[in-house]
Amino acid sequence: MKITAAYTDLYQLSMAQVYFKTKPDGRAVFDYYYRSNPFDGGYAIFTGLENVLEILENLKFAESDLNFLKQHGFESAFLDYLKTFRFNGNIRSSREGDVVFPNRPILQVEANIIEAQIIETMLLNLLNFQTLIATKANRIRHSAKNATLLDMGLRRAHATGGYYASRAAIIGGFDGTSNVKAAEDFNISASGTMAHSFIQSYGDELQAFRDFAKVRPKNCVLLIDTYNTLRSGLQNAITVAKEMEEAGEQLLGVRLDSGDLAYLAKQTRKILDEANLGYVKIVASNQLDEYVIKSLKEQGAPIDIYGVGTNLVTGKPDAALGGVYKLSEFNGTPRIKLSENIIKVSLPYKKQVYRILDKNGMFYGADAVAMFTEGAVDYMEHPFDATKNMSLKGFDYEAVLQDVMTEGKKVSPSRTVTEIANYSKSRLEKLPEEYKRFQNPHIYKIGLSAQLKQERDKLVLKHKF
Ligand SMILES: Nc1ncnc2c1ncn2[C@@H]1O[C@H](COP(=O)(O)OP(=O)(O)OP(=O)(O)O)[C@@H](O)[C@H]1O
Ligand SMILES: O=P(O)(O)OC[C@H]1O[C@H](OP(=O)(O)OP(=O)(O)O)[C@H](O)[C@@H]1O
Ligand SMILES: O=C(O)c1cccnc1
């Protein structure tokens with residue numbers, strides 16, 4: 001499926017048609033942000049921006065989309081407008097791969113209201129999913145430390161989501177994927193082993209291993225748990241590894257896919273080493289996630305490579321990242337969305353986010369949100385608790401939201417997935433460890449400038465019943 005401008009919710013087009021008739025030149029500012037960290041963690045990895053920008057640069061309605069909309073009662077003057085529809089707006093954003101936190105703008109769209117509204121669904125769809133999966137991948141990377149991590153999730157992904165999940169996995173810290181299409185399109189490393197069906201088809205495990213090693217000797221990994229891991233699979237793999245040595249090749253590894261992975265990995269390592277096969281790596285798979293891998297590490301399992309599928313690409317146990325897109329300014333005037341739940345009250349105005357740095361350039365643990373017109377601020381207040389505030393005097397800072405698209409043209413340099421992954425890694429190195437732990441991570445502070453908070457509170461009072 002090619003993404004066209006019809007990759008949106010019907011209500012966007014219903015609203016757009018009304019804007020078209022009543023305020024076609026309305027200028028809007030929308031904020032993209034999420035309200036709580038996925039997986040009860042301390043951060044998220046912002047992912048999907050390059051895809052969004054690429055799609056926006058070429059976004060059009062197809063002839064077939066317009067015919068479909070005609071059947072849904074959209075009038076011809078509006079359909080004529082949609083025929084020439086393009087996104088001509090500006091986007092300021094955090095960099096893809098950056099570490100981000102709840103309740104502060106990650107990206108801001110400033111555009112004609114019709115354009116800004118129509119793109120909302122696509123933007124949320126791509127950013128929410130990839131940010132969720134990259135964050136999950138990063139948690140798995142945190143547990144796996146220096147081990148190699150391979151994404152094996154395509155078959156278990158939510159349909160075509162698997163395509164973007166593989167990209168997000170790399171940005172979150174994975175090394176490769178089994179997903180051929182994603183590897184091809186995103187220039188990421190493709191890798192793989194073999195399935196049980198291959199060994200089953202032979203009936204004879206040794207012959208299956210022999211044929212595989214002969215035809216595909218490079219990066220050859222033999223799956224050893226089809227019949228009996230230690231008594232059959234491993235013994236046959238050792239036989240084939242020795243035969244490969246005679247042929248001038250080296251077996252890359254053996255894969256464990258069931259049973260007690262710590263016990264089996266320890267036994268396998270010992271037996272391989274005794275056979276002078278210290279170079280043969282141990283690959284493990286089977287419903288792994290950050291917790292199982294952490295436990296395997298703690299048990300001293302000598303696993304070199306982890307293959308992770310289901311739990312990675314479905315973002316288990318979080319079904320989705322609840323990122324939202326809220327109007328903060330219209331035709332130069334601030335707008336707000338109220339809620340019974342104070343944390344859900346939106347922030348008005350076009351804004352900038354300042355990341356506070358300590359003397360060593362590490363993240364200090366606070367982002368300050370200010371009105372764009374204010375410039376950098378030296379003081380921030382808790383968004384809701386009047387007793388909490390913080391002086392920012394003397395701290396270094398970074399202005400987080402940078403121009404990435406101007407009048408519909410991408411202005412940020414394109415980066416490969418590997419470059420984004422490296423950037424993400426360098427940003428995570430600046431985030432102190434206490435924000436990365438799984439249990440009760442330290443809470444990163446988000447503060448508002450005094451002026452922004454005052455303006456927000458004025459608007460709250462203005463709209464309060
Ligand atoms: N030593 C271990 N410590 C912690 N978790 C482990 C360990 N070994 C395996 N696991 C995990 O425990 C779960 C075991 O899954 P399951 O009960 O399906 O057993 P299985 O060995 O896969 O059986 P099957 O032969 O049906 O595949 C998996 O999620 C696996 O990753
Ligand atoms: O467990 P996951 O984290 O989702 O990782 C992917 C799983 O997919 C494969 O199993 P499957 O039974 O689909 O095929 P197989 O016959 O090749 O093992 C593979 O062996 C892994 O166990
Ligand atoms: O290459 C593998 O071992 C692989 C790929 C997809 C799913 N399970 C395993």
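**Sheet, helix and ligand shells**

User: How is a helix placed relative to strands, and across which strands does helix α2 lie?

Analyst: Helices (H or I, at least four residues) and strands (E, at least two) are DSSP runs numbered from the N terminus. Contact requires C-beta atoms, placed from the backbone, within 7 Å; axes are lines fitted to C-alpha atoms, for helices over the stretch in contact, and angles run from 0 to 180 degrees between N-to-C directions. Here α2 (residues 49–57) lies across β3 (90–93), β19 (402–406) and β20, at about 25° to β19. The model is predicted: local features need pLDDT of at least 70 and side-chain atom pairs 80 or more, while totals for chains, interfaces and linings use all residues. Residues are numbered from 1 along each chain as its sequence is written, with chains lettered from A and ligands numbered from 1 in the order written.

User: What is the strand order of the open sheet?

Analyst: Strands pair if DSSP finds at least two bridges between them. The seven strands run β13-β12-β1-β5-β3-β19-β20, with antiparallel pairing. β13 (333–334) and β20 (409–410) are at the edges with a single partner each, so one side of each lacks a neighbour in the sheet. Between β1 (27–33) and β5 (107–112) there are six bridges, and Y32 has L107 as its bridge partner in β5.

User: Which helix gives the most to the shell around ligand 1?

Analyst: Helix α12 does, with three residues.

How values were computed
Contact = placed C-beta atoms within 7 Å.
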